[in-house]
Amino acid sequence: MTFDFKITGGLIYDGDGGAPVHANIGVKDGKIAEIGACSGDAKQVIDADGAIVTPGFIDLHTHYDGQISWDQELKPSVNHGVTTIIMGNCGVGFAPVKKSDHDRLVRLMEGVEDIPGTALHEGLTWDWESFPEYMDAIDATPHTIDFGVMIGHDPVRVYAMGERASAYEQATDEDIAQMQKIVREAMEAGAAGFSIGRTDVHRTADGDWTPSAEASEKELTALAGALADLDHGVLQIVNDFNLEREGDQFGDEFKIVESFVRAGGGKPASISLMQRDMASNDWKRILDETDRLNKQGVDFNVQVAPRAIGVFQGLQCTFHPIMAQPSYIAIKDKPLEERVAIMRDPEFKKKCLAETPVKLAGPGSSVPPIADTMIAAIELVANKFFRLGEDPDYEQSQDQSLGAEARRDGVSAMEKLYDTLLELDGKQLIYFPIYNYTEFNYDNVHAMLTHPKALPGLSDGGAHVGTICDASFPTYLLTHWCRDRDHGKIPLERAVQMLTADGADYLGLKDRGRLKVGMRADINIIDHEKLRLGPPRMVKDLPAGGQRLLQPVSGYRATFVAGEQVIANDEVTKARPGRLVRFH
């Protein structure tokens with residue numbers, strides 16, 4: 001046999017979680033043809049000496065639903081070893097949609113996922129109405145990596161109910177029947193699953209709750225039931241258990257979650273898992289319920305992040321500590337260079353810091369209430385504000401915080417934050433680990449990651465572009481947890497398994513997620529010893545001049561999708577083998 005190419009000399013982590021082996025891999029016609037000596041000829045030989053060879057990574061939780069319309073590269077996920085993404089999480093998306101609701105769904109995505117509305121308006125092609133038409137439209141354009149799409153509850157509700165889709169309106173039996181039909185149609189066309197979002201944190205760009213946030217248990221179970229007799233499909237859930245409301249509503253909300261999952265007829269389900277300061281033990285309660293359900297035969301999983309779920313704050317970002325000061329509001333629309341010059345004036349600084357911050361959240365505002373809460377408690381919250389540095393450190397102690405630095409320097413937290421924002425000519429980023437950092441370490445994250453039903457997720461690739469850059473999660477898992485952390489490490493073979501086979505098995509994908517003969521040649525060649533994340537930086541490369549955070553990475557010698565090389569020494573190539581994955 002003459003291989004299209006073979007990879008020689010690498011240490012193979014096949015995705016099954018076993019010990020790695022030194023072997024060669026021969027690829028033919030986009031599939032793995034041989035693993036072993038591979039003595040046959042090859043059109044190309046790729047030296048993987050000193051590197052690890054893994055299956056391509058699967059990212060279960062992204063929001064490229066808009067970006068996929070205009071961006072063939074699908075950065076930043078492609079830069080971090082990901083060869084298959086799943087979009088349409090958290091109940092949001094852009095299909096089905098009536099022409100009259102285009103702006104409504106843009107405002108929803110802009111608010112929930114912090115994607116510039118101007119970029120969405122200019123970039124979205126809108127050459128679809130139904131969900132199958134959306135799938136056909138995004139499949140018509142080649143991309144670097146493969147993508148599957150879930151159908152989200154919000155657009156389904158808006159399509160079926162129109163103006164009545166407000167969170168405060170309950171669906172009629174006729175509405176529910178129509179929504180069931182839409183979900184079923186999407187699943188039969190090859191959607192990966194159905195997603196819902198029940199969280200007060202998610203708001204539209206107008207400050208409203210998302211359309212499905214208060215949907216009834218009857219509605220939710222009926223829609224999950226649309227998957228019950230199918231041979232494929234997963235259910236994805238976001239729920240904050242009404243933490244911002246009065247009383248402990250965890251029990252009542254989890255009953256709804258359980259009913260929803262059970263109505264799916266045995267379909268695998270997953271829920272976002274994180275530790276929130278305001279209910280610091282709820283993550284343990286979720287894991288207790290996860291254990292209970294699995295003992296009862298329910299395939300219930302938790303999606304876990306390998307680090308804090310946080311935001312970057314800066315003068316270029318969506319949020320920062322002085323954004324509510326009246327003097328800053330007066331200059332906020334000026335170019336960065338002008339703002340920095342004004343802010344460096346001592347008199348402006350004195351006036352700005354003396355002011356009382358205004359309330360930002362409320363009707364007509366996309367700013368979540370949590371932003372006002374944080375600003376009001378800035379002296380306390382600054383104890384969780386950090387500089388990441390040139391070699392980003394996401395697990396720092398409290399005495400490294402800007403709050404602690406302010407106390408050492410004898411200044412207020414606001415003054416320290418003000419000065420920090422002006423560093424690097426106004427381009428300094430302040431990292432705020434909102435969730436998963438109550439104890440200022442990742443010991444609880446370790447417990448989440450090592451739970452038997454944990455799935456790596458929550459990267460939100462393509463979303464929150466002005467505040468996060470968590471599509472780097474796979475790289476962080478491989479570096480911090482497998483190589484750099486001084487305790488509580490995760491074996492590299494297990495981390496690779498989590499990023500590959502575990503996701504494939506959860507989704508029911510039989511053709512990827514492992515390095516086995518006959519499988520797709522979705523392959524990474526990684527210099528694990530030199531694998532490194534750089535500090536995030538803001539770039540303006542979205543439609544209509546929109547900006548987003550990207551995080552430089554080095555160490556990916558090569559990434560292949562179906563045997564075509566999409567990454568060569570950390571750079572995206574011209575190859576576009578990525579296509580829509582249709583689940584059946």
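Among contacts between residues at least 6 apart in sequence, what percentage join residues at least 24 apart? In this protein the share is 75%, where contact means heavy atoms within 4.5 Å.

The model is predicted, so local features need pLDDT of at least 70 and side-chain atom pairs count only at pLDDT 80 or more, while totals for chains, interfaces and linings use all residues. Residues are numbered from 1 along each chain as its sequence is written, and side-chain values use heavy atoms, with hydrogens and water left out.

The protein contains 20 helices and 25 strands, taken as DSSP runs (H or I, at least four residues, for helices; E, at least two, for strands). Its radius of gyration, taken over C-alpha atoms, is 24 Å, close to the 25 Å from the globule rule for 584 residues, so the protein is as compact as a globular protein of that length. That rule is 2.2 Å times the number of residues to the power 0.38. The C-alpha trace spans about 75 × 60 × 45 Å along its principal axes.

Of the 584 residues, 63% are buried, meaning under 20% relative accessible area with a 1.4 Å probe, protein chains only. In soluble globular proteins, nonpolar side chains tend to be buried together. Here the largest nonpolar core has 119 residues, and F300 and L478 have the most contacts inside it. Such a core is a set of buried Ala, Val, Leu, Ile, Met, Phe, Trp, Tyr and Cys residues joined through side-chain atoms within 4.5 Å. Beyond its neighbours within four places in sequence, L478 is in contact with residues including F57, L499, I526 and Y556. A second, separate core of 32 residues includes Y328, A413, I434 and L458.

Key:
Buried < 20%, exposed > 50% of the residue type's maximum accessible area, 1.4 Å probe, protein only.
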